[in-house]
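Try each one before you read its solution.

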Amino acid sequence: KPKTKRAKRFLEKREPKLTENTKNAMLIKGGNANLTVTEVLKDIYAVKKPFAVLYRKKNITRPFEDQTSLEFFSKKSDCSLFLFGSHNKKRPNNLIIGRMFDYHVLDMIELGIDKFVSLKDVKNNKCPEGTKPMLIFAGDMFDLNEEYRRLKSLLIDFFRGPTVPSIRLAGLEHVLHFTAVDGKIYMRSYKVLLKKSGCKIPRIELEEIGPSLDLVMRRTHLASDDLYKLSLKQPKALKSKKKKNISHDVFGTTYGRIHMQKQDLSKLQTRKMKGLKKRPAEKSAEDGGISPKKAKSA
């Protein structure tokens, strides 16, 4: 139980919510990280800001052997995503990307850096801090292979940024492109330039701004199907209730069925024209079969 109001506010902030906050990522440097790995972590931190925490001190840990330190840092910084960088003779220029579920490691994938171009090496104008990127995935492996499919889900989780209610055209200025081909994953970062085209729709050009990474998949630690399914479970309050008598076709058109009482078509008002006027005999039949002349003589 909290002893102070500040501690109470802190615990309330971390309580489960129907709509969760934007996921934060922690970037951790291993005990023997070299200059390349350090620069990669700094550049990804620059792309991910302000939803990231960069640990500048070295931490001697091996995520695939012992995950307790990662879970401790996750609880301390309230981060559900992590990127761990290390370097050794067996696995040079190593990155481990992963995510947490209930402060326990859900899944993580080890990637090796083959080639790296830093943000500093590309002399172009950069995107402002906190820009929400557009994510593009190219390559059949992201749909055919289970490990690549899980990596795609991990990368979307890592770089997606906050959920926004509306989109502004001028705000679409950062693109992250991931290509899987020949056993490698190529990550490229572009800035969108809106040029004049002579009409309302602008002409679009892409300018590379960095960082640029050529990655190779190494080890994987994937969650079981049951645990993965549990992590995707949504609360009942967020699920949309099924509406009766409403259906949709393949084109997205909405159809509604209306239930009405049986109508008497004889009382239906039609157009007033001579051809549709009722004859005296028809009127007398409706009144009860007595003509007005007979009633008068009687």
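Before you start: rings of Phe, Tyr and Trp (its six-membered ring) pair if their centres lie within 6.5 Å. By this rule, the count comes to seven aromatic pairs. Keep in mind that this is a predicted model.

**Exercise 1.** Classify the pair formed by Tyr55 and Phe73, and work out which parts it ties together.

Solution. Start with the geometry: the centres of Tyr55 and Phe73 are 4.9 Å apart, with 50° between the planes. Planes under 30 degrees apart count as stacked and over 60 as edge-to-face, with the rest tilted, so this pair is tilted. Next, find the places: Tyr55 sits in strand 2 (residues 52-59) and Phe73 in helix 3 (residues 68-77), so the pair ties together parts that are 18 residues apart in sequence. Finally, check the cover, where buried means under 20% relative accessible area. Tyr55 has 17%, so it is buried, and Phe73, at 13%, is buried too.

**Exercise 2.** Do likewise for Phe137 and Phe142, then say which cluster they belong to.

Solution. The ring centres of Phe137 and Phe142 lie 5.3 Å apart and the planes meet at 80°, so the pair is edge-to-face. Phe142 has a relative accessible area of 1%, so this residue is buried. Now follow the ring pairs: they link Phe137 and Phe142 with Tyr148, Phe158, Phe159 and Phe178 into a cluster.

How values were computed: Residues numbered from 1 in each chain as written. Predicted model: local features only at pLDDT ≥ 70, side-chain atom pairs only at ≥ 80, totals over all residues. Heavy atoms only, no water. Helix = DSSP H or I, 4+ residues; strand = E, 2+ residues; numbered from the N terminus. Buried < 20%, exposed > 50% of the residue type's maximum accessible area, 1.4 Å probe, protein only.
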